[in-house]
Amino acid sequence: MDKLLSYIKLSRAELSKVIFPTKEQIRTAFIAVVSVVVVVSLFLALVDLLMSFSISKLA
């Protein structure tokens, strides 16, 4: 039982050291991730379109 209480006490102490991100940091990171996903998706769609067009012209 002492080990469990010690674990909980140490876990609580470590959790108090954690610096959680602010809402602004979360919003900025979310916008950055969505932007990168959109740009990469558009790039891959363009490459796919070009490859499909090229292959259809060869056949």
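Select residues 29-51. UniProt, in an unreviewed entry, places the feature "transmembrane region" here. UniProt positions follow the numbering used here, feature names are shortened, and annotations may be inferred rather than shown by experiment. This stretch is 100% helix and 0% strand, and its end C-alpha atoms are 33 Å apart.

The model is predicted: local features need pLDDT of at least 70, side-chain atom pairs count only at pLDDT 80 or more, and totals for chains, interfaces and linings use all residues. Residues are numbered from 1 along each chain as its sequence is written, and side-chain values use heavy atoms, with hydrogens and water left out.

Zoom out to the whole chain. It has two helices and zero strands. Helices (H or I, at least four residues) and strands (E, at least two) are DSSP runs, numbered from the N terminus. The radius of gyration is 25 Å, well over the 10 Å that the globule rule gives for 59 residues, so the chain is more spread out than a compact globule. That radius is taken over C-alpha atoms, and the rule is 2.2 Å times the number of residues to the power 0.38.

Now select residues 2-17. This is helix H1, with 16 residues. Is it buried or in the open? Zero of its 16 residues are buried, so H1 lies largely in the open. Buried means under 20% relative accessible area, exposed over 50%, partly exposed in between (1.4 Å probe, protein chains only).

Next, pick Phe20. It sits in the loop between H1 and helix H2 (23-58). Phe20 is exposed, at 58% relative accessible area.

Conventions: Expected span 1.5 Å × (residues − 1).
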